[in-house]
Structure formats: structure tokens, C-alpha cells
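Trainee: Could we go through the terms used for this model and see what stands behind each one?
Mentor: Gladly, let us take them in turn.

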Amino acid sequence: MLDLRFVCDNIDLVKEKLAKRNSKLDLTEVIELAKERRATIKGVETLKAEKNQVSAQIADLKRNKQNADDLIRSMKAKGDEIKALDERLEEIEARLRELMLTIPNLIDDSVPYGADSEDNVEVRRFMEPTKFDFKPKAHWEIGEDLKLLDIEQAAKITGTRFTVYHGLGARLERAIMNFMLDTHTANGYNEVFPPFMVNRDSMIGTGQLPKFEEDMYAIKNTDFYLVPTAEVPVTNLHRDEILKESDLPIRYCAYTACFRGEAGSAGRDTRGLIRQHQFNKVELVKFAHPDNSFEELESLTHEAEIILQLLKIPYRVVMLCSGDLGFSSCKTYDIEVWMPSYNRFVEISSCSNFVDFQARRANIKFRDASGKTRLVHTLNGSGLAIGRTTAAVLENYQNADGTVTVPEALVKYMGVDIIK
């Protein structure tokens, strides 16, 4: 959430940055309510001062055994006015919070201007796209041929966009998860295993609600939602807390299953493991000092890249343009893995700096050396999406005879070097 005073004092800048996001939000009501809020607060303070003055006058009259009935009526009238203004102030502040929760984060000046994903800027690549002397199969075809994946069983059990993993397919998914967690904890991340359900406040804190309500799975007759990503429970570990400056940056990694409605998505990506309603992911989350959060974004992105480097799978990193940036993000790098059957790169991680946007919503602060409390900066990134990594392994390590070579980094987790 943005700071209301900043929005009011820099309205032209805010409008300009929102326009670069292709946002058509009208901030008129916010500005008008903010003015009314200031006027109402001033009115309440004036009336309270007058009421205190009248109260003192009444006390003087009573000490002198004089009639104070008129002043008592006046004080009661001022009390009624204060009550009415306080009630209006509550209405204004509730509506302002409701509106402020719908305003996306402001983009960083280093983010390139663009309309959509076509305008994202490639930053770097690792390895050249995998080449084969045979026509490569899609990962779902490999999975079916080797009896690793069963989409029909999942459809019978649940519905479309779910998968049952069998045998070495299940082992591969688990191997990749353990490999990711072992790698990140070795690189200084503290592993946590959070609940897969969170309450509404947690979803609001990280920006999933109210903006993306239609994509979330709510649990009927409860205040709970299935997690769309471990970002939500892990970021909310420190909701309503004041952290120590000396502890920053705090780094967590966590595995969770993730649940998303994927409203409006269609096309080739809905086949196989790329866009599922339930999928597995390892998430990296940082709580950083505001003075160096953009340096922390660079290191977080590199730490996510390490997984693909160790697996020796081609990928590229792109900086998202203003029009493709997520609602809560100030700056984002996407890591895109090469998928031979698609003949293109496919997103496998988004690494973002949210600056103080989430921290303001979730009330996460730290106390600096002067004793002043300040909002932390929050960052996160997939390290990585496990199902998409499984898909990338199957496609990039497939062989002409229909087998799949296990990447060297995974052999100790798999117990085999060939999937057949």
C-alpha cells in the first residue's frame, strides 16, 4: 500500500507512474476524502479544545456556586458534534483504506517503459538453447510414455489442470524440491515449513487481496484461503512486528503446494505442468534494509538462478517493463527456462522488490540506530517453481530412445541416472 500523504503531496508523479503501468485508476475520490479527513480531524481537535475550555469554565462557576446550566448544555452540544465527526472520520478512514488497497505499487525509475511482455528487456542468458538431432517431445508426452505423469487420473479425481505423479515422476518432483531447499539453505536461507492455509489479513498484507480475489481459493465458512504461493505465509511471519536493524536482511526459503484459479488463462500453457491449479514451489523471501533492498534483489535473483546453473538447463533473465509488472512489485526480474517443445523460453521464477508496499499493509517495521521505527523492504522470488523445473528437466534431458538422463546434480536424490 502506498503512503496516503505521499500520494496527496505528489499526485502528478503518482498519476504518471500509474499511467506507465497502463492503470486507469481515478484518484479523485482518494484526494477528496484525504482533504475531508484533514478538515474533520482539525474540526474534532478544535471542538475538543473548546469543550475543555467550557468544562473549565463550568468548574469555576460551580466552585463559586453559580449557575452553569447554559454552559453544560453548550458542552453537551459540542460533545454531540464531536461524536458525529468521529463517526464520520471512521467512515472516511475505512473508505480511504479500501481505496488505497486497490492502488498498485509505484515502479522504480530503472524499470523500462512498455505496454506488455513483448517490451520486457533481456538482461542475460545462461547456455545456448538445447538442440536435438530428433524432434523433441513435450514433457507431458514424455511423462505419459514413461508412466511418470497421469493427467486422466487427476481429471477423474479432481478435474482439469491437475496431475498425478507416479514412480520416478513422483521421485523426480521430490528430488527437485529437496535439491532446491538444500541449495538455498547452504547459501544462507533459513528454511521454514508454513501452513498451506492463511487468513484474509495475510492475503491483504502481501497484496493478493482484494485485487486478485477471483484467482484465490477461499475455504467455505472460514476466514481461510489456500496459499497461492509461500510468499504469503512467509512474509506474514513478521506481520505487526518491529525487527532489529542488526538482523537485516532476514532470509527465508520455504516449500509449499500452491493453489491458483488461473482465471482467464488459456492456450498451450494449460497443458502439462506449466499452468496448474495446484503446483509445488520453493519460495525465497527477504526482509531488507531500505538502503540496500535493490542490491538484495540482484542477489536474490542470482540465488534463484543457481538452481538452473547447477542443473545445466538453459535460461535467460528479463527485466519486466512497466506494463507487465505485478500489482505489488516495484521492480521484477523474470527467470525464463528454455523449453524445447515450445521452442521458446517459459517463466520459471519472478524475483521482485516490493520496497515498503507490503510492509505498510502488513505493518512490518524495524528500529534503526536512532531508535526510530521504519518500514522494512520485502522481496521474494521463486527458487524455483518445482513442476516447471520437472518439465524443463524432462524436455531438456530427453534422449532419442525415449529415456531421460537425470541431471548430475539430481542423481544422489534420485538414486538412478536414467529414467526409463
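Mentor: What follows is a short talk about the words used for this structure.
Mentor: This is a predicted model, in which local features need pLDDT of at least 70 and side-chain atom pairs count only at pLDDT 80 or more, while totals for chains, interfaces and linings use all residues. Residues are numbered from 1 along each chain as its sequence is written, and side-chain values use heavy atoms, with hydrogens and water left out.

Trainee: How many helices and strands does the chain have?
Mentor: There are 13 helices and 17 strands.

Trainee: How do you know how many disulfides the structure holds?
Mentor: A disulfide is a pair of cysteine sulfur atoms within 2.5 Å, and the structure holds zero. For Cys8, the nearest cysteine sulfur is that of Cys330, 20 Å away. Cys258 is in no disulfide either, as its nearest cysteine sulfur, that of Cys253, is 14 Å away.

Trainee: Why is Cys258 called buried?
Mentor: Buried means under 20% relative accessible area, exposed over 50%, and partly exposed in between, with a 1.4 Å probe and protein chains only. Cys258 has 0% relative accessibility, so Cys258 counts as buried. Glu395, in helix H12 (residues 386-396), is also at 0% and therefore counts as buried. Of the 420 residues of the chain, 49% count as buried.

Trainee: What makes the span of helix H10 close to the expected one?
Mentor: The expected span is 1.5 Å times one less than the number of residues. H10 (residues 293-311) has 19 residues, which gives an expected 27 Å, and the helix reaches 28 Å from its first C-alpha to its last.

Trainee: Where does H10 bend?
Mentor: The bend is about 25°, at Glu305; that is the angle between axes fitted to the seven residues ending there and the seven starting there. Glu305 is also one of the buried residues of H10, which include Leu297, Leu300 and Leu308. After H10 comes Lys312, with a positive phi near 60°.

Trainee: How far apart are the C-alpha atoms of Glu395 and Ile11?
Mentor: They are separated by 49 Å, and the two residues lie 384 residues apart along the chain. The C-alpha atoms of the chain fill a box of roughly 105 × 45 × 40 Å, taken along the principal axes.

How values were computed:
Helix = DSSP H or I, 4+ residues; strand = E, 2+ residues; numbered from the N terminus.
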